[in-house]
Amino acid sequence: MTKLNSRVPEGPIADKWTKYKDKINLVNPANKRNIDIIVIGTGLAGGSAAATLAEQGYNVKAFAYQDSPRRAHSIAAQGGINAAKNYQGDGDSNYRLFYDTVKGGDYRSREANVYRLAEVSGNIIDQCVAQGVPFARDYGGLLDNRSFGGVLVSRTFYAKGQTGQQLLLGAYSAMNRQIARGKIEMFNRHEMLDVVIIDGKARGIIARNLITGEISRHSAHAVVVASGGYGNVYFLSTNAMGSNATAAWKVHKKGAYFANPCFTQIHPTCIPRSGDYQSKLTLMSESLRNDGRIWVPKHIEDAKAIQQGKLKPTEIPEENRDYYLERRYPAFGNLVPRDVASRAAKERCDAGYGVNATGEAVYLDFKAAIHRYGKEQALLHGDKNPSEAKIIELGEQIIEEKYGNLFQMYEKIVAENPYKTPMMIYPATHYTMGGIWVDYNLMTTIPGLYALGEANFSDHGANRLGASALMQGLADGYFVLPYTIGDYLSNEIRTGKIATDTAEFEEAEKSVKERLEFFINNKGTHSVDYFHKKLGKVMWNKVGMARNEKHLKEAIAEIKEIRADFWKNVKVPGKLNDFNQELEKAGRVADFLELGELFATDALDRKESCGGHYREESVVKEGEQKGEALRDDVNYSYVSAWEYKGEPSEAVLHKEHLEFKDIELKQRSYK
Ligand SMILES: Cc1cc2nc3c(=O)[nH]c(=O)nc-3n(C[C@H](O)[C@H](O)[C@H](O)COP(=O)(O)OP(=O)(O)OC[C@H]3O[C@@H](n4cnc5c(N)ncnc54)[C@H](O)[C@@H]3O)c2cc1C
């Protein structure tokens, strides 16, 4: 079996990155002008990388399937971005952010990468402030912070509920400067459909113009994949509907190992599903758990009455409410990590205490926070004896300032006023920790091919902490790749322009065209969505929040069947050389149908419970932790890196064994 080389530098963890940077090979400025880099994706990870690489002097070609980098899925990020600045003076440090991230990820991430992430986190905030990102400020004008789950400090920087949008505007303006200088050539509305490998190195891509259907070849000395996550394998998720796994899956099929595909994050606070004809789920940011309290009725009769529409939550007195997170996890309460909060919601709903007609919802209630803030505001206004109405009015104003856009979004979707009645929430697929395997340099197992942001597997282990994805994407793009890629490119300064009229480009283009033609010519009977929904149901029911051997085996068999049916019966209307979204979707769903099988195969291999991967067979049976997920460090303390071999379930497993030298391995406890 191949030993994966993670290329982690030697030495004490706090010095690794600095010393490594001191010794790494560099490319001189004149030579950078002769080197081309392709960046797939211009979300926060790809956008920050493209801007920085171009600023350094490389020639960048950037690709995105949207009509502008501003529309990348990163724009949806609501809650915030972490950084160990310790502005609150509440004990934060690089080590604590590192520790929280490794623990939050249930000890399934690579220590050295996570430490580096914590180390550069502060630079990200400085960089973004310099770009003009309007982070929230406190009364004195300093940058404000709030808390996110799984930590005991406030380290989350935010811009109302629109942090991703503001950060993306910052990265986009940095990109625009380089586009104007001619250092970035931007290919909007272009989808990368294959990577080209020459003599074992990534040398280019095949792309389709989504407006005209034209297929084009692009060469480079290195290719960077920053194409986002694959949560839409579940069909319903909080991801943008266009988010897909095609770029990641194509490079996997050409030799890049795919790591930990089963590590998915099911986010606890999403608006519950309303029915079978829904195409998207909506997140209610984790930041709401700073002030919202999660509960279900204590008595099953009350839950039933609510489900039947005979009782309202506001009619249930305090003593008859079960604030189950505060009850089970007194140390972290409503701010336990996402995997723990999601499972706890499922447990209550499975036991019959759900609070909507489907029985799959719990309450997120702001009443206590409205009172607390209202009383404080009244005092600040000099009113020592405020009326109840005044307290509520003042309290609601504060909640509106903090979360106004989220409350508005909720009201528009659910048609209920969340200031007056508790929100209903339920877990939904949100983020994928798994992704393309990368070493310390963020290079994949294909030389010259890099992966960044949500597209790679690094840093978050089996569960990502809130507000850490933006941190990782921007760390990768602004502060890690621009150094590490030089090490590889220093050997490319004599290569010269890479030709595209080679057999490898010819072959890749041919197979892309054949597949597109197949879809258009197939005389099938069912739409692409029909198959995607079927896949999503199998994934949610059998590879979702709780997994077991029997269901996983069934899932693998069922996904194979759906895939076979898809290739026989899929119907794609429209033309080949035209704007054709059904054609785009067909290719993406074909890839999801393979990835889903690998996902279930990985989940079957990992018989332990860890982070978002909960195996019903691996649960604590006795004592204070009874019922909690049980990790197995003896047998599963590794990253699963899968090598493509044809059928996804026949992929070969390579194990990167994880070493914990700076953090003691412990069963997680948030009690
Ligand atoms: C609703 C929501 C809220 C969130 N809130 C937060 C938060 O508050 N804090 C936090 O830290 N994280 C949050 N996250 C997670 C975070 O937003 C994402 O993990 C992160 O933005 C991903 O960034 P990215 O650059 O890796 O990918 P993306 O932003 O998804 O960008 C992918 C890019 O790749 C391009 N692309 C993809 N495939 C191809 C292809 N084949 N060819 C060409 N281009 C391609 C796309 O066009 C796009 O430009 C949230 C996620 C969701 C769903």
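K21 lies over the face of Y483, with 4.9 Å separating the charge from the ring centre. This and every other value in the report was computed from a predicted model.

**Aromatic pairs**

Aromatic pairs number 35 in the structure. Two of them are set out below.

| Pair | Distance between ring centres | Angle between planes | Class |
|---|---|---|---|
| F135 and F157 | 6.1 Å | 65° | edge-to-face |
| W437 and F457 | 6.5 Å | 10° | stacked |

The planes of F135 and F157 stand at 65°, so this pair is edge-to-face; the cut-off for that class is over 60 degrees. F135 is found in the loop between helix 5 (111–131) and strand 4 (156–157), while F157 belongs to strand 4 itself; the pair therefore ties together parts that are 22 residues apart in sequence. Both members are shielded: F135 is buried, with a relative accessible area of 5%, and F157 is buried, with a relative accessible area of 0%.

For W437 and F457, the planes are at 10°, and the pair is therefore stacked, a class that requires planes under 30 degrees apart. This pair links distant parts of the chain, 20 residues apart. W437 occupies the loop between strand 16 (435–436) and strand 17 (449–451), whereas F457 occupies the loop between strand 17 and helix 13 (468–489). W437 and F457 are both buried.

Aromatic residues also gather in a cluster. Y230, Y234, W249, F258, W540, F599 and Y644 together make up one aromatic cluster.

Five strands form an open sheet in the order 11-15-14-12-13, and their pairing is antiparallel. At its edges are strand 11 (264–270) and strand 13 (321–322), each of which pairs on one side only.

Within the sheet, strand 12 (residues 293–297) and strand 14 (residues 362–365) run antiparallel and are joined by three bridges. I294 has L364 in strand 14 as its bridge partner.

A helix accompanies this sheet. Helix 10 (residues 338–350) lies across strand 11, strand 12, strand 13, strand 14 and strand 15 (423–432). Relative to strand 11, helix 10 runs at about 65°.

Technical notes:
Residues are numbered from 1 along each chain as its sequence is written. This is a predicted model: local features need pLDDT of at least 70, side-chain atom pairs count only at pLDDT 80 or more; totals for chains, interfaces and linings use all residues. Side-chain values use heavy atoms; hydrogens and water are left out. Two strands pair if DSSP finds at least two bridges between them. Helices (H or I, at least four residues) and strands (E, at least two) are DSSP runs, numbered from the N terminus. Contact means heavy atoms within 4.5 Å. Axes are lines fitted to C-alpha atoms, for helices over the stretch in contact, and angles run from 0 to 180 degrees between N-to-C directions. Rings of Phe, Tyr and Trp (its six-membered ring) pair if their centres lie within 6.5 Å; planes under 30 degrees apart count as stacked, over 60 as edge-to-face and the rest as tilted. Buried means under 20% relative accessible area, exposed over 50%, partly exposed in between (1.4 Å probe, protein chains only). A charge sits over a ring if NZ of Lys or CZ of Arg is within 6 Å of the ring centre and within 35 degrees of the ring normal.
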